[in-house]
Amino acid sequence: MKKTTYLQGAFILSLTNILTGIIAFIYRIFLTKTVGAEGIGIYQLVLPLYYFFITLVSSGLVTTISKLIAENRVKKNFSNIYHIIKVGLIISGIWSSLLAIFIAFNSSFLGTYILKDERTAYPILIFSPAIIFIALSAVLKGYFYGMEKVSIPSSIDIVEKLIRLIILVVITRYFINHGIVLICAGAMFAMVCGEILSLILLFTFYHYKRNLLIPRTKIQTNLSIIKNILIPLLPLSISGAIENILDMIDAVLIPSKLVEAGFSKQSALSLYGELTGMVFPLLYFPLIIIASLSTTLIPSIAYSYASNNSIALNKKCNDSMAIASIIGFASAVVFTSYPSEYVKSFIIDRKRDFYFFGQLFRVFLIIGYLLY
Amino acid sequence: MGFQKKVMECSLSNILIITTSIFFLMPIPKLNIYAYIIGFALSSTYVVFRGMYIIKKRTVIRFNLTKIMAKPAFCAIFMFISIKSINKYLSLHYITKYNMISSFAAGIIIYFIMLFITKTLHLKQFLNVLNIKSFWN
């Protein structure tokens, strides 16, 4: 498979993210239809916790590994690349296993006292092993991004989401008469199966690619690799975890502050729900491209930086900023030219007054650009 | 490039600005939910300019502001004018439910034409990115 440029990589990743987003949307609709509002409520309660643990084990790992791989690629130090992957897999394996054991043994506590619903204990218990597979997959994805072979993890991502959907359909048919808690646990099980499959495929491709190229080159000591991984990883993981915690705090803080502003409790909650559930998904949609660009840009920048190629470095930075600007300005224009009508076409309840949404989108004229 | 601590600093500042605006501005009845948007705007602005300042100060990277800001902004003005005028024309002459979508589509096409004319985007670069066949060779 040919190496891709960072722009081609960003393009493939964007297409993949759009496709997996569509599959996730179908998954969500299917789940809503089978478990109903109450079941979705349980599922929604578990998800932030699931994402929080994912952030703890994998946030920053893809970035860090891809950067290290790209730097070693410049020196054609292939033995060291595979040594980094080995050490990365061991570190993330140990850390994620400890966390998975902690989650598994405390699933009842997390469900009852943190999420305040004891029915979430089973889904929490079931998702705990997924943490290990996600962490290991993050290391291997970092390898492929660092080697500029974006199409491999992208294709695997699509297969994973499809398999997850199929397993969900099968499990739902089997557990349909056993209550919503078991179906939700089944949905989590489908996620775990998807992650296992993703890891197996990533490892198979990694193993195949690894055997193609092994010239003997100098390798770093384990300690030095651990240091190289942890120094960039820790600040990135801490920022990811803090952002996750902030989201949870926002969910509590915003409605209460709206009540202080004179809204009733119900309208404060619905206003917050409208902002986060309707306005933000539309606003963040163009970010799919920018997020993909940043994933492929990091190893590419690391490569140019390690090879002291300031011309390439300048070109990549300016081109990326120009693309972000192009998307930012286009989105700002789309969101602000007919904001009320735009929201109306996406929201089913057509009797509503869309003035509020329209005004919100109008404000995004300024920040829409800066956000991207 | 080894600026992960700066990334953390930007994330923390972002969080601090948004939380402060929620805490102090949101209870003001006139602002209500818009306080969140104000915080969002302030934090995005801060992160963009802080990031650019760090890059300028500590690396050899120099941003070409004409290419990354002025040219796309100029093209976006054309896009905005086209969307508004095409939608107005269609609404006056053909009343269909596709007026808005058609005007958006036309606006995006004009935006891309302008991007190529002003050389913000290069056709060769654009086609190279779209060359999916090469990914699998």
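## A walk through a two-chain model

You'll find B:N32 in the loop between α1 (4–25) and α2 (34–58) of chain B. (Helices, H or I with at least four residues, and strands, E with at least two, are DSSP runs numbered from the N terminus.) B:N32 also has a positive phi of about 35°, although it is not a glycine.

Before going on, a word on what you're looking at. This is a predicted model, where local features need pLDDT of at least 70 and side-chain atom pairs count only at pLDDT 80 or more, while totals for chains, interfaces and linings use all residues. Residues are numbered from 1 along each chain as its sequence is written, and chains are lettered from A and ligands numbered from 1 in the order in which they are written. Chain B averages a pLDDT of 83, and 96% of its residues score at least 70; pLDDT is the predictor's confidence in each residue, from 0 to 100. The model scores ipTM 0.87 and pTM 0.76.

Chain B has another positive phi for you to find. B:K119, a residue other than glycine, has a phi near 65°. Look for B:K119 in the loop between α4 (99–117) and α5 (123–130) of chain B. B:K119 counts as exposed because it has 10 other C-beta atoms within 10 Å. Now zoom out: chain B is divided into domain 1 (4–58) and domain 2 (65–132), with bounds that come from an automatic or database domain assignment. The C-alpha centres of these two domains of chain B lie 30 Å apart.

Over to chain A, which is split into domain 1 (1–260) and domain 2 (265–372). Here 23 residues of domain 1 of chain A are in contact with 20 residues of domain 2 of chain A, where contact means that C-beta atoms, placed from the backbone, lie within 7 Å. On the domain 1 side, the largest share, eight residues, comes from α2(A).

That helix, α2 (residues 61–74) of chain A, also packs against α8(A) at an angle of about 145°, with the axes 9 Å apart. (Axes are lines fitted to C-alpha atoms, for helices over the stretch in contact, and angles run from 0 to 180 degrees between N-to-C directions.) Among the residues that meet here are A:L61 and A:L68 in α2(A), and A:I229 and A:L236 in α8(A). The residues of this contact of α2(A) with α8(A) divide into six nonpolar, three polar and one charged. For those classes, Ala, Val, Leu, Ile, Met, Phe, Trp, Tyr, Cys and Pro count as nonpolar, Asp, Glu, Lys and Arg as charged, and the others, Gly among them, as polar.

Methods. Contact = placed C-beta atoms within 7 Å. Buried ≥ 20, exposed ≤ 12 C-beta atoms within 10 Å, placed from the backbone.
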